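Open your viewer and get ready to select a few residues at a time. We will go from helix pairs to rings and then to the backbone.

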Amino acid sequence: MMRNDLRLCLLTKLSLSYPGSKLKEIFDRIHGLLSGKSVQSCGCSVSITLHPQGLDFVQYKLAEKIVKQGEEEVASHYEAAFPIAAVASGIWEFHPKVGELILAHLHKKCPFSVPFYPAFKEGMALEDYQRMLGYQVEDSKVEDQENFLRRMSGMIRLYAAIIQLRWPYESQQEAHPHGLDHGWRWLAQIVNMEPLPEVTATLLFDFLEVCGNALMKESQVRFWNMMLLLKEDYFPRY
């Protein structure tokens with residue numbers, strides 16, 4: 001019963017496509033819940049302190065929910081990446097374990113966010129390999145490429161938004177818990193890997209459209225050198 005109450009609380013409080021005032025309300029409720037405060041949900045008061053594994057459960061389900069919103073909501077509405085990322089970044093700053101779990105869920109659902117291209121091994125079932133790549137497989141039926149790319153785009157766009165945004169309502173004296181340095185690392189690793197047809201080009205576009213401007217503001221020389229490398233060395237490999 002307690003798990004159901006906590007899950008319901010997260011589902012009702014974590015709808016992040018709202019204006020700024022609503023985002024602060026959502027953040028405060030989630031932050032309060034993770035901090036051990038009682039939170040009202042559907043007429044009931046819930047708290048992680050009422051169960052010895054309450055905190056672990058909420059952290060896991062919250063991270064799962066954030067990544068799922070990238071996979072579904074951001075995939076359909078690109079602009080949703082920013083409000084979701086702002087709250088996720090703030091929660092990550094105050095509750096680092098949630099950030100670690102966001103990365104774990106993200107890497108499992110979208111290995112390209114690592115970035116990592118799983119290799120097909122001899123004797124491996126094709127369906128297992130497709131699942132490793134992030135495809136949804138049900139009853140031996142693999143989702144179509146368009147839907148796959150849309151889901152991957154949503155998660156990459158969410159990740160690209162998270163690494164550049166800070167929670168705007170609190171002190172920001174310390175460094176971003178997972179900032180733009182990880183964006184530079186992602187780009188560097190991508191260009192050192194052989195491109196995967198359709199997937200790499202799509203995700204590079206998504207990533208740069210969301211955080212390319214932030215990367216350029218941080219270092220114009222580094223950014224344009226990277227663009228030149230993509231143009232003259234990477235794209236010809238296709």
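Here is a short tour, stop by stop.

This is a predicted model, in which local features need pLDDT of at least 70 and side-chain atom pairs count only at pLDDT 80 or more, while totals for chains, interfaces and linings use all residues. Residues are numbered from 1 along each chain as its sequence is written, and side-chain values use heavy atoms, with hydrogens and water left out.

**Stop 1: H4 and H7**

Select residues 81–94, helix H4, and residues 145–162, helix H7. Helices (H or I, at least four residues) and strands (E, at least two) are DSSP runs, numbered from the N terminus. The axes of H4 and H7 are 8 Å apart, at an angle of about 55 degrees; axes are lines fitted to C-alpha atoms, for helices over the stretch in contact, and angles run from 0 to 180 degrees between N-to-C directions. The two helices are therefore oblique to each other (under 35 degrees is roughly parallel, over 145 roughly antiparallel, 65 to 115 roughly perpendicular and the rest oblique). Now show the side chains: residues of H4 including Phe 82, Ile 84 and Trp 92 meet Arg 157, Leu 158, Ala 161 and Ile 162 of H7, where contact means heavy atoms within 4.5 Å.

**Stop 2: H8 and H9**

Next, select H8 (residues 180–191) and H9 (residues 199–218), whose axes lie 10 Å apart at about 140 degrees. H8 and H9 are oblique to each other too. Among the residues that meet here are Trp 184 and Trp 186 in H8, and Phe 207 and Leu 208 in H9.

**Stop 3: charges over rings**

Which ring has the charged end of Arg 157 over it? Select Tyr 78: the Arg 157 end is 3.7 Å from its ring centre. Lys 24 lies over the face of Tyr 169, at 5.8 Å from the ring centre. For both, the rule is NZ of Lys or CZ of Arg within 6 Å of the ring centre and within 35 degrees of the ring normal.

**Stop 4: two backbone spots**

Most residues other than glycine have a negative phi, and most peptide bonds are trans. Zoom in on Val 114 and Pro 115, joined by a cis peptide bond with omega about 0 degrees. Pro 115 is in the loop between H5 (96–109) and H6 (126–133). Finish at Asp 139, with a positive phi near 55 degrees, in the loop between strands S3 (137–138) and S4 (141–142).
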